[in-house]
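Please look through the sequence and the model shown here, and then read the notes on charged pairs and aromatic rings that follow.

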Amino acid sequence: MKSKKDKIERDFEILKDGPIHKYFRNRVLDEDVIWFSNNNFEIIEMNARNWNRKNAHQKLKAALDFPDYYGENLAAFSDCLSDMYNKRYKGLLLVFRRYDSFVEEDKNFAEAVLDIIAGESWIWLLTGQKLIGLVQTDNPDLNFNKLGGICPSWNSSEWYNSDRKK
């Protein structure tokens with residue numbers, strides 16, 4: 001017999017604490033990505049290891065298949081992200097690996113990208129779609145300011161600080 005926690009869908013488990021979730025171990029992130037793949041989510045993975053203010057928009061444009069007219073600024077990112085709504089899927093999962101490298105390079109810009117995803121997620125929810133951002137970091141103590149009004153949580157498998165020790 002499944003426990004009450006087993007019955008909770010992973011997307012609900014994440015969204016109840018906000019649309020952005022943090023991961024330390026790739027293995028734990030991979031397990032969740034597989035769940036989302038098996039549950040009709042479109043998944044786009046990006047490695048942010050070498051991102052900076054100069055190239056981040058180009059990397060986002062390529063990964064998210066933004067149109068040629070993408071303005072390569074945060075307002076254009078928000079606009080194009082809202083256009084990605086696709087009824088063929090239950091939602092969109094944006095997976096960022098090595099995001100701590102981007103945060104170290106430009107914390108304000110890295111947070112702004114996630115804040116836009118968080119804000120857009122609330123709009124998607126109103127229309128029946130789910131937009132979720134999963135952020136993998138090699139820094140077990142990485143913290144963000146509020147994104148979309150909520151401070152991102154660690155995933156349930158790594159919620160305790162002791163769960164993220166190497």
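Arg27 and Glu31 form a salt bridge in this predicted model, their closest N and O atoms lying 3.6 Å apart; a salt bridge here is a side-chain nitrogen of Lys or Arg within 4 Å of a carboxyl oxygen of Asp or Glu. Because the model is predicted, local features need pLDDT of at least 70 and side-chain atom pairs count only at pLDDT 80 or more, while totals for chains, interfaces and linings use all residues. Residues are numbered from 1 along each chain as its sequence is written, and side-chain values use heavy atoms, with hydrogens and water left out.

**Salt bridges**

- Arg27 and Glu31 are 4 residues apart in helix 3 (residues 26–38), so about one helical turn separates them; helices (H or I, at least four residues) and strands (E, at least two) are DSSP runs, numbered from the N terminus.
- Arg27 counts as exposed at 51% relative accessibility, whereas Glu31, at 41%, counts as partly exposed; buried means under 20% relative accessible area, exposed over 50%, and partly exposed in between, with a 1.4 Å probe and protein chains only.
- Under the same rule for salt bridges, the count comes to 11.
- Lys90 forms a salt bridge with Asp11, with 3.4 Å between the closest N and O atoms, and this pair links distant parts of the chain, since Lys90 is in the loop between helix 5 (74–82) and strand 3 (91–97) and Asp11 is in helix 2 (residues 10–15), 79 residues away.
- Asp11 is buried, with a relative accessible area of 1%, while Lys90 is partly exposed at 28%.
- In Lys16 and Asp17, which form a salt bridge with closest N and O atoms 3.2 Å apart, Lys16 is partly exposed at 49% and Asp17 is partly exposed at 28%.

**Aromatic rings**

- The whole structure holds 11 aromatic pairs, where rings of Phe, Tyr and Trp (its six-membered ring) pair if their centres lie within 6.5 Å, and planes under 30 degrees apart count as stacked, over 60 as edge-to-face and the rest as tilted.
- Tyr99 and Phe144 form an edge-to-face pair, 6.4 Å centre to centre with 65 degrees between the planes.
- Tyr99 lies in helix 6 (residues 99–105) and Phe144 in the loop between strand 4 (130–136) and strand 5 (153–154), so the pair ties together parts that are 45 residues apart in sequence.
- Tyr99 counts as buried at 0% relative accessibility, and Phe144 counts as buried at 7%.
- One aromatic cluster is formed by Trp51, Phe96, Tyr99, Phe102, Phe109 and Phe144.
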